[in-house]
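Biologist: I would like to learn how to read the features of a protein model, one at a time. Could we take the structure below and go through it together?

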Amino acid sequence: LNSVASVVAIDAPHALPYDPSLRGWWVYEKELWDGRAESIQGLAEELLQRSTFEPVGLDESLAMVMKEWSKGGYDAILGFSQGAILAAALCTQLLEKGQPPRFAIFLSGFGKPKPEG
């Protein structure tokens, strides 16, 4: 792969409440999720009933990734799960600036609910 591309992986900045060694691009409001691993299924069920939700920390994460992208040398972005949503938001901002990536890969993202903001 090194002869074709170089890959840069950025760690998400937010520690997950139930395991600080795990990271996310955002966390959920305390009123929506108590932060326990045992209640993740309930969070998922609640989110499926909503059209939008507040992604706490997504703006900071997006700014961090945009700052890295602005250093130059990138052709594409790949995002998985929460990262797919972040990658889509990055592509939107880059498109608005007239500088979209050559391509993007989104894996295991979701279309509902939509993050607010």
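This is a predicted model: local features need pLDDT of at least 70, side-chain atom pairs count only at pLDDT 80 or more; totals for chains, interfaces and linings use all residues.

Biologist: Does Phe80 count as buried or exposed, and why?

Modeller: Exposed means over 50% relative accessible area. Phe80 has 55% relative accessibility, so Phe80 counts as exposed.

Biologist: Which residues make the nonpolar surface patch?

Modeller: Leu78, Phe80, Phe103, Ile105 and Leu107 make a nonpolar surface patch of about 490 Å². Elements E6 and E7 each give two or more residues to the nonpolar patch. The largest share, three residues, comes from E7.

Biologist: Where do these strands sit in the overall order, and how many helices and strands are there in the chain?

Modeller: The chain has three helices and eight strands. From the N terminus on, the elements run β-β-β-α-β-β-α-β-α-β-β. As for dimensions, the C-alpha trace spans about 45 × 30 × 20 Å along its principal axes. Of the 117 residues, 32% count as buried.

Biologist: Now the charged surface. Which residues form the negative surface patch?

Modeller: The negative surface patch is formed by Glu29, Glu31, Glu54, Asp59, Glu60 and Glu116. Take Glu60 as the example: Glu60 lies in helix H2, residues 58-70. With 52% relative accessibility, Glu60 counts as exposed.

Biologist: Next, aromatic pairs. How should I read one?

Modeller: A pair of aromatic rings is described by the distance of the centres and the angle of the planes. In this model the count comes to eight aromatic pairs. In one of them, the rings of Tyr18 and Trp33 have centres 5.9 Å apart and planes at 75°, so the pair is edge-to-face. Tyr18 lies in the loop between strand E1 (14-16) and strand E2 (19-24), and Trp33 in the loop between strand E3 (27-28) and helix H1 (40-48), so the pair ties together parts that are 15 residues apart in sequence.

Biologist: What do Tyr18 and Trp33 count as in terms of relative accessibility?

Modeller: Tyr18, at 33% relative accessibility, counts as partly exposed. Trp33, at 8%, counts as buried.

Biologist: And what is the geometry of the aromatic pair of Tyr28 and Phe53?

Modeller: The pair of Tyr28 and Phe53 is tilted, with 5.6 Å centre to centre and 40° between the planes. Tyr28 lies in strand E3 and Phe53 in strand E4 (residues 52-53), so this pair ties together parts that are 25 residues apart in sequence. Tyr28 is buried, with a relative accessible area of 15%. Phe53 is buried too, with a relative accessible area of 1%.

Biologist: Which residues do ring pairs link into a cluster?

Modeller: Ring pairs link Tyr18, Trp26, Tyr28, Trp33, Phe53 and Phe110 into a cluster. The two pairs above have their residues in that list: Tyr18 with Trp33, and Tyr28 with Phe53.

Biologist: Last, salt bridges. What is the general idea?

Modeller: Side chains of opposite charge can pair when their charged atoms come close. Here the count comes to five salt bridges. Among them, Glu46 forms one with Arg50, the closest N and O atoms being 2.9 Å apart. Glu46 counts as partly exposed, at 34% relative accessibility. Arg50 is partly exposed, with a relative accessible area of 30%.

Biologist: Which parts of the chain does the salt bridge of Asp75 and Arg102 tie together?

Modeller: The side chains of Asp75 and Arg102 meet at 3.9 Å, N to O. Asp75 lies in the loop between H2 and strand E6 (76-80), and Arg102 in the loop between helix H3 (82-96) and strand E7 (103-107), so the pair ties together parts that are 27 residues apart in sequence. At 40% relative accessibility, Asp75 counts as partly exposed, whereas Arg102 is exposed, with a relative accessible area of 69%.

How values were computed. Residues are numbered from 1 along each chain as its sequence is written. Side-chain values use heavy atoms; hydrogens and water are left out. Patches are made of residues with over 30% relative accessible area and no salt bridge: like charges are joined within 9 Å, nonpolar side chains (Val, Leu, Ile, Met, Phe, Trp, Tyr) within 5 Å. Accessible areas come from the Shrake-Rupley method with a 1.4 Å probe; for residues, only the protein chains shown count as cover. A salt bridge is a side-chain nitrogen of Lys or Arg within 4 Å of a carboxyl oxygen of Asp or Glu. Lys and Arg count as positive and Asp and Glu as negative; His and the chain ends are not counted. The place of a charge is taken as NZ of Lys, CZ of Arg, CG of Asp or CD of Glu. Helices (H or I, at least four residues) and strands (E, at least two) are DSSP runs, numbered from the N terminus. Buried means under 20% relative accessible area, exposed over 50%, partly exposed in between (1.4 Å probe, protein chains only). Rings of Phe, Tyr and Trp (its six-membered ring) pair if their centres lie within 6.5 Å; planes under 30 degrees apart count as stacked, over 60 as edge-to-face and the rest as tilted.
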